[in-house]
Amino acid sequence: MLLGAGRIVAYVDDINLRRAADRIPVVRNRASMVHELMKVYGLLELMKTVPSSPASEDYVKLFHSSDYINFLKAVTHTNDDDLSIEEEELEDTFGLGFDCPALPMLWSLVCHVAGGSMAAARLLTSGQASVAINWCGGWHHAQRDSASGFCYVNDVVLAIMQLRHKFAKVAYVDLDVHHGDGVENAFAFSRSVLTVSLHLKEDGFFPGTGTQDDVGEGEGRYFCLNVPYKAGLSDDNFVELLKSVVEEAVQVFAPDCLVVQCGGDALALDRLGGANISIDGYTRALSLLLRLQCPTMLLGGGGYEPANAARLWTSLTASVLGTSLDLEIPEHCFFERYGPSFDLAVTPSNRRDQNSSEYLAALKSSIKAHGEEIQK
Ligand code: V1S
Ligand code: CA
Ligand code: ZN
């Protein structure tokens with residue numbers, strides 16, 4: 001499926017950004033795998049590639065609290081042996097610990113990750129691109145004053161804040177299997193940013209928030225849309241949810257700009273996932289959103305089978321560029337990571353979709369009210 005007819009596509013391509021993203025423990029080396037796969041398929045020659053530079057402290061401070069920033073900087077400058085704070089205390093205060101370990105050079109990582117999505121935002125606000133891609137971004141759980149779920153900085157919130165300088169209304173759609181809680185919380189009171197998250201919601205599944213009754217707060221009521229689903233979600237049901245609830249709400253909102261978090265952990269057989277989506281399912285989902293014909297930022301996020309995340313984001317890039325790719329993965333430095341198939345497909349497994357037609361009908365009708373409320 002070719003999605004991007006007539007669009008200027010730009011890709012944030014920076015070795016230091018990739019090196020920073022490669023250091024995030026659960027997705028170690030994933031950023032390089034994604035980049036190398038896009039390169040060996042010849043996609044880098046088909047789009048504008050744009051470097052990024054690390055964001056400044058003042059930029060990160062536009063969303064994150066000074067206390068949290070000072071803590072991140074202090075952690076960075078402390079040797080492991082000197083770190084007198086116990087792990088539990090770290091979690092209690094700023095969310096560092098099990099999911100977000102105190103990595104060496106953490107502050108530099110934060111600035112590079114924020115800088116990548118800042119560069120993507122600039123491409124859109126300057127009109128240099130109509131689609132801007134940063135597969136090293138999408139860290140949607142970080143909160144104003146804490147790290148959460150592998151996310152130390154909320155590059156998404158910061159990028160949306162930049163986009164708002166030029167675009168009055170921004171819609172954010174989060175395809176990651178987890179609830180985009182950090183982005184939702186940041187804009188919960190705003191009518192200028194519509195946040196939408198589709199996510200798996202069952203007992204014990206991280207982060208545990210995002211019911212369909214969670215619709216935003218105060219002035220921002222109904223400008224937040226949550227689409228919780230059950231395990232095993234199929235391509236057809238995923239696309240149907242987007243068509244019947246998300247598309248309508250976003251169309252009524254009529255955004256000037258769109259940000260899509262394309263977290264790859266809703267893919268079939270993801271290590272931390274639980275949905276059953278194929279690359280074709282994601283491509284169909286994105287094609288629906290691109291029909292809005294507004295400047296669009298594409299970000300990464302989850303995706304814990306690095307080879308599958310690379311397959312997905314390479315395939316989505318090709319679709320946006322209007323080109324098709326050989327199924328057989330070309331020989332390159334990460335080639336052995338694509339075995340045993342060595343092809344580009346991620347196909348659904350035969351697990352049962354627990355989203356019954358009754359569940360989906362009830363979900364749709366409870367969410368439908370959004371469109372009407374946004375219109376008022
Ligand atoms: N599910 C899950 C999961 N797995 C891990 C994990 C795995 C290996 C490690 F070495 C360290 C951690 N953490 C979690 C989740 C966080 C998922 C974050 C998803 C991020 C994203 O894809 O949406 C965006 C990039 N954490 C938990 O489940 C938290 C705990 C609740 C359970 C474990 N205990 C020890 C801590 C708290
Ligand atoms: Ca999501
Ligand atoms: Zn996720």
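At what angle do helix α4 and helix α6 pack, and how far apart are their axes? In this predicted model, α4 (residues 66-76) and α6 (residues 106-125) meet at about 130 degrees, and their axes are 7 Å apart. The rest of this report begins with that contact and then turns to the sheet, the helices beside it, the ligand shell and the backbone.

## The contact of α4 with α6

Angles over 145 degrees would count as roughly antiparallel and those from 65 to 115 as roughly perpendicular; α4 and α6 are therefore oblique to each other. On the α4 side the contact is made by L72, K73, V75 and T76, and on the α6 side by L106, W107 and V110. By class, the residues of this contact comprise 5 nonpolar, 1 polar and 1 charged.

## The sheet

An open sheet is built from 8 strands, in the order β2-β1-β3-β8-β7-β4-β5-β6, with parallel pairing. The edges are taken by β2 (48-50) and β6 (224-229); each has a single partner strand, so one side of each has no neighbour in the sheet. From one strand to the next the twist averages 15 degrees.

| Strand pair | Sense | Bridges | Residues facing each other |
|---|---|---|---|
| β1 (residues 9-12) and β3 | parallel | 3 bridges | V9 and V131 |
| β3 and β8 (residues 296-299) | parallel | 4 bridges | I133 and L298 |
| β4 (residues 170-174) and β7 (residues 257-261) | parallel | 5 bridges | V173 and V260 |

Strand β3 (residues 131-134) is covered on both faces. In a regular strand the side chains alternate between the two faces of the sheet. For β3, V131 and I133 are on one side, A132 and N134 are on the other, and all are buried.

Helix α9 (residues 235-253) lies across β4, β5 (193-200) and β6, and runs at about 170 degrees to β5. That angle is over 145 degrees, so the two directions count as roughly antiparallel. The loop between α9 and β7 holds A254. Is A254 buried, partly exposed or exposed? A254 has 13 C-beta neighbours inside 10 Å, and therefore counts as partly exposed. A254 and V170 are 84 residues apart in sequence, while their C-alpha atoms are 8.8 Å apart in space.

Helix α2 (residues 30-40) has as its buried residues R30, A31, M33, V34, H35, L37 and M38. Among the elements that cover them are α1 (15-22) and α11 (306-321).

## The shell around ligand 1

Which of the 18 residues around ligand 1 come nearest? They are F98, G149, H178, F206 and G302. By class, the shell has 8 nonpolar, 7 polar and 3 charged residues. One of the nearest residues, F206, is also part of a cis peptide bond, described next.

## Backbone features

Most residues other than glycine have a negative phi, and most peptide bonds are trans. The bond from F206 to P207 is cis, with omega near -5 degrees, and P207 is placed in the loop between β5 and β6. A cis peptide bond also joins G339 to P340, with omega of about 0 degrees; P340 is in the loop between α11 and α12 (357-375).

In the loop between α1 and α2, N29 has a phi near 70 degrees, positive in a residue other than glycine. N29 is partly exposed, because 16 other C-beta atoms lie within 10 Å. Just after α2, G42 takes a positive phi of about 80 degrees.

Q293, which is not a glycine either, has a positive phi near 55 degrees. The place of Q293 is in the loop between α10 (279-290) and β8. With 10 other C-beta atoms within 10 Å, Q293 is exposed.

Note on methods: Residues numbered from 1 in each chain as written. Chains lettered and ligands numbered in written order. Near = placed C-beta within 6 Å. Nonpolar A, V, L, I, M, F, W, Y, C, P; charged D, E, K, R; others polar. Pairing = 2+ DSSP bridges. Axes fitted to C-alpha atoms, helices over the stretch in contact; angles between N-to-C directions. Contact = placed C-beta atoms within 7 Å. Buried ≥ 20, exposed ≤ 12 C-beta atoms within 10 Å, placed from the backbone. Parallel < 35°, antiparallel > 145°, perpendicular 65-115°, else oblique.
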